[in-house]
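Okay, thanks for coming, everyone. I'd like to walk you through one model today, starting at the ligand and ending at a helix. Here it is.

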Amino acid sequence: MVILMSLKNQRFGQGLLESLYKPENSDLLSQLNERRYKKRHILFMPHSKEDLVFIVKEGKLRVYLGLDGKELSLVLLGPGDIYTSHTRAYVVAMEDSVVLTCPVFKFYTLATKNQGFSLPLFMSLGKLLSGSISLIENLYFYDIDKRVAAYFYEEALVHGDETDDGLLVHVGLTVDNIATIVGSSRQTVSSLISGMEKDGILKKVARGEYLVKNMDELKYLAHPCPE
Ligand code: HEM
């Protein structure tokens with residue numbers, strides 16, 4: 001439990017990138033190909049012909065399911081996050097991004113050989129799984145207002161930087177983008193953010209940047225049931 005807590009306090013994904021650049025993993029790194037994508041580029045379509053594992057080096061990607069013009073965001077990937085091309089989801093660049101790719105079976109062989117790589121790899125996969133459970137929980141149990149609060153709460157928990165006034169979160173997304181992620185409209189999300197600002201829970205400080213002033217209240221809004 002103690003180990004899990006201290007590991008949780010590390011930036012999960014960053015651990016994977018750091019590990020990749022360690023001298024003992026140089027054979028793995030040498031097999032990865034760097035690919036650069038411009039904002040809005042769709043990297044992979046469902047069940048893409050290329051069977052690749054990729055690790056995000058820079059930027060932000062959105063993984064989503066799409067049907068008949070409707071979209072459901074599954075996860076946002078940032079530096080150090082790992083994903084693959086062989087799922088039924090689309091992967092799109094939300095900003096200019098760089099990914100390190102490797103054919104699936106080559107990756108499997110190399111990753112299992114490099115002992116030190118397993119822990120950050122499992123941590124990164126665990127983060128992905130945790131995000132999927134949160135998504136199902138939010139969609140099934142919570143209304144849109146809770147989903148918006150949960151989005152900010154989880155961003156602050158994982159990526160927030162402590163300041164004297166609260167946790168500073170660089171979400172790097174427009175309100176429109178956030179609406180797509182939580183499955184709502186820009187107007188609804190905008191008015192929910194205004195409500196939280198009025199209640200002193202968070203404050204927009206710059207484009208895509210928010211200060212969470214009251215993490216306890218935000219947590220309560222996001223997950224009102226006692227744990
Ligand atoms: C080590 C290399 C990997 C191997 C050998 C592997 C193998 C497979 C296989 C055999 C399937 C079933 C495909 C099918 O039903 O047609 C699958 C599905 C899947 N894999 Fe992987 N995989 C690897 C890496 C990854 C990684 C790194 C991720 C994500 C982080 C991932 C996520 C998934 C998901 C989400 C599915 C289900 C796809 C869907 O039903 O839409 N895999 N994988």
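So, around the ligand you'll find V53, I82, Y83, T84, H86, T87, R88, V104, F107, Y108, L125 and L128, where being near means a C-beta atom, placed from the backbone, within 6 Å of the molecule. Two or more residues of that shell come from each of β6 (82–84), α4 (104–113) and α5 (115–141); helices (H or I, at least four residues) and strands (E, at least two) are DSSP runs, numbered from the N terminus. By class the shell has eight nonpolar, three polar and one charged residues, with Ala, Val, Leu, Ile, Met, Phe, Trp, Tyr, Cys and Pro taken as nonpolar, Asp, Glu, Lys and Arg as charged, and the others, Gly among them, as polar.

Quick caveat: this is a predicted model, so to speak of local features we need pLDDT of at least 70, side-chain atom pairs count only at pLDDT 80 or more, and totals for chains, interfaces and linings use all residues. Numbering runs from 1 along each chain as its sequence is written.

Last stop, K198. You'll find K198 in helix α8 (residues 186–198). Is K198 buried or exposed? K198 counts as exposed because it has 8 C-beta neighbours inside 10 Å; the cut-offs, with C-beta atoms placed from the backbone, are 20 or more others within 10 Å for buried, 12 or fewer for exposed, and partly exposed in between.
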